[in-house]
Structure formats: C-alpha cells, structure tokens
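Let's take a look at this structure together. Keep the 3D view open as you read.

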Amino acid sequence: MEVIIAETPDAVGRIAARIIAETVRIKPDAVLGLATGSSPMVVYAELARMRHATEIDLAATRGFALDEYVGLAPGHPASYAAVVQREIAEPLGMMFENVTVPDGGRPDHEQACREFEAAISDSGGIDVQLLGIGTNGHIGFNEPTSSLTSRTRIKTLTEQTRADNARFFNTAAEVPRHCITQGLGTILEAGQLILVAQGKGKARALAAAIEGPLSSMCPASLLQLHPRATVVVDEEAASQLSLADYYRYAFSSKPV
Ligand code: F6R
C-alpha cells in the first residue's frame, strides 16, 4: 500500500486526480468506481478543472457508483444517483447513461444487486475505484463486521453513519436506515484502489485501516489485501499514523 501525505485537502484532490487521469489517458473508456460523500469532491473538482483545461477527456469513460440509499423518492437530491449526475458526471463530462448506480428503489433488492454485479462484470471490471472512509472505518457502506468477501447487497447503516450523513438531509430522521453497497469482495476486484481522507475526524479510522490488523471491524483494512492500493490523506487525517515519517520519506524518494 502506498500512503501519500499531502499538505492540504486540495493537494489530496490533485494527487488522486492525477492517478485517475493517468489511467484515463492510457484507456479513454476506463471504468471508474465513483465514491460519493464529501471526501472525493476535491478529486472531482480537480478532474473538472483538467477537463476544462483540455488536459483530460472523460467523455468515453464509464462509471459505477459505490452505493445508494434504499427507499428515497426517485430524484431525491441526496440520493447518490442525483449526486453522481449533478456533482460528478456533469462537471466531469461523463455520459450519465454510462454510469450505473445501484437501484435503491426496486422492491426486489436481491435482483437489483445481482444486476449491478453483472453490469460490473459485463463492463470488464472497474479499472480504478475511488473510496472515502467512514469515521467507523467503513468503505462503501460496508459497516464494521461486513464480510471481507461480501458482494453487492443491502446493508443496515449504523447510527454513527446516519448521524455523520445527516448533513446531506433536511433532518436527521430523513437519513435512510438501509442502503445497497458494493461488497468488500466486489471492491477488492477493482484494478486499483485510491482512498482519500481529510480532517482529524478520519485520523483514528485511517490509522486502524493502514496500520491495524486486517479485520472486518475496520472494513477499510481490506486495502491491505490489494496489490495496487494508494491512500492519499491530508496532515490532519494522517495525524495518528505511527509511520508517517516513513510514508513521507518513501514518497519523496520514490524511484521515477
Ligand atoms: C460514499 C461512501 C462512503 C463515504 C464515507 C465518507 O459513496 O461510500 O464510504 O466515502 O462515508 O464520507 P465523507 O466523505 O462524506 O466523509
């Protein structure tokens, strides 16, 4: 796992965007795994800047969202389908019809999950998966104790996650209790993983994910199993990493 400590949250965005841009330059129709939430927004902002500067063309890329709430009204502004369209596909110049979001509105959740997994397989697989991390160590909405081999399925959100995400809704009570999320086994199959995190609130979960034991109690520790995992964090998020100096040294002396 490569750990890159950036000086500022914006620098996190620039570094992660550069990794994604490298993939897209080699493979213009790359399949991107798209995280939502606040952490990856700096990455999307930088990709949008690169697009406007004609440094990158994302029009042929395809995408898969990581997760979706269950039971929100279609078009709800906090649904990840709406967020992906408004805050990712449009500013990045991706075709929204080429982006698949788990369908949280279907009564037959199991079938919706099977179809989502089949769509990932049919695309040839996700080339690069962008991830955020929850304060409890979740990735996607794989809450602690999620099976490390899990596939896309319905999950119950923890009260911690519901409280953390209440800022995206008018009231805390409006936050759904359930979601559909890519499984940890699904995420592990992506060609490359990039996890971004900013702020002190993520420091404890991040240290557990990078330097703690591989454990379903910290689902983000799954990154330890992936041969191409990069973690890009700001100083505050890195503040509990015991090997921070080593990560800085390794990055600054990286062979070219
Ligand atoms: C969102 C997702 C979640 C978030 C995590 C962090 O698609 O899968 O794992 O990445 O909850 O959320 P923020 O970035 O809002 O702190």
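## Aromatic pairs

The structure holds 6 aromatic pairs. Here, rings of Phe, Tyr and Trp (its six-membered ring) pair if their centres lie within 6.5 Å; planes under 30 degrees apart count as stacked, over 60 as edge-to-face and the rest as tilted. Take tyrosine 69 and phenylalanine 141: their ring centres are 5.7 Å apart and their planes sit at 45°, so this pair is tilted. Tyrosine 69 belongs to strand β4, while phenylalanine 141 is in the loop between β6 (128-131) and β7, so the pair ties together parts that are 72 residues apart in sequence. Strands are DSSP runs (E, at least two residues), numbered from the N terminus.

Ring pairs also link Tyr69, Tyr80, Phe141 and Phe169 into a cluster. Are tyrosine 69 and phenylalanine 141 buried or exposed? Tyrosine 69 has 2% relative accessibility, so it counts as buried, and phenylalanine 141, at 3%, counts as buried too. (Buried means under 20% relative accessible area, exposed over 50%, partly exposed in between, with a 1.4 Å probe and protein chains only.)

## The sheet

Now for the strands: 3 of them form an open antiparallel sheet, in the order β4-β8-β7. β4 (67-69) and β7 (153-156) are at the edges with a single partner strand each, so one side of each has no neighbour in the sheet. Two strands pair if DSSP finds at least two bridges between them.

β7 and β8 (residues 178-181) run antiparallel and are joined by 4 bridges. Arginine 153 stands opposite threonine 181 in β8.

## About the model

This is a predicted model, where local features need pLDDT of at least 70, side-chain atom pairs count only at pLDDT 80 or more, and totals for chains, interfaces and linings use all residues. Residues are numbered from 1 along each chain as its sequence is written, and side-chain values use heavy atoms, with hydrogens and water left out.
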